[in-house]
Amino acid sequence: MKFLCTISILFVLAACTANPAPEDINGKLKSAMTNYLYKDKNADSSQVKYKIEKVVYYHDLIRKNYVCDFDVSMKLNNGFDTTGSMHAFISEDFTKVERGF
């Protein structure tokens, strides 16, 4: 009986996988988008600064990516600043970013 209980507990523990916290996903999505913005071919980090204000996302299980809407604040060296929204698709491993608009 002890053996059966031990095996059952092991199966339950193996079946339960920890889902990442929403705060962790938010941080990783913001980081991936920020890296993408600064690695753009015309981006000069000494001239323009980006700050991701907010991200709204959902996990698309069919395409295996995150569909995200970002509120981005952009500030230029000359004092000009603006805020806009960007739509992007980010892979599950947070390495690939595809802009929607």
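View 1. Val 55 stands opposite Phe 70 in β2, and 12 bridges join β1 to β2, which run antiparallel. The model is a predicted one, in which local features need pLDDT of at least 70, side-chain atom pairs count only at pLDDT 80 or more, and totals for chains, interfaces and linings use all residues. Residues are numbered from 1 along each chain as its sequence is written, and side-chain values use heavy atoms, with hydrogens and water left out. Strands (E, at least two residues) and helices (H or I, at least four) are DSSP runs, numbered from the N terminus.

**View 2. The largest nonpolar core.** A nonpolar core is a set of buried Ala, Val, Leu, Ile, Met, Phe, Trp, Tyr and Cys residues joined through side-chain atoms within 4.5 Å, buried being under 20% relative accessible area with a 1.4 Å probe, protein chains only. Of its 17 residues, those touching the most other members are Leu 29, Met 33, Leu 37, Cys 68, Phe 70, Val 72 and Ile 90. The element that gives the most to this core is α2, with 5 residues.

**View 3. The surroundings of Cys 68.** Leaving aside residues up to four places away in sequence, Cys 68 touches Leu 29, Val 55, Val 56, Tyr 57, Met 86, His 87, Ala 88 and Ile 90.

Terms used:
Buried means under 20% relative accessible area, exposed over 50%, partly exposed in between (1.4 Å probe, protein chains only). Contact means heavy atoms within 4.5 Å. Two strands pair if DSSP finds at least two bridges between them.
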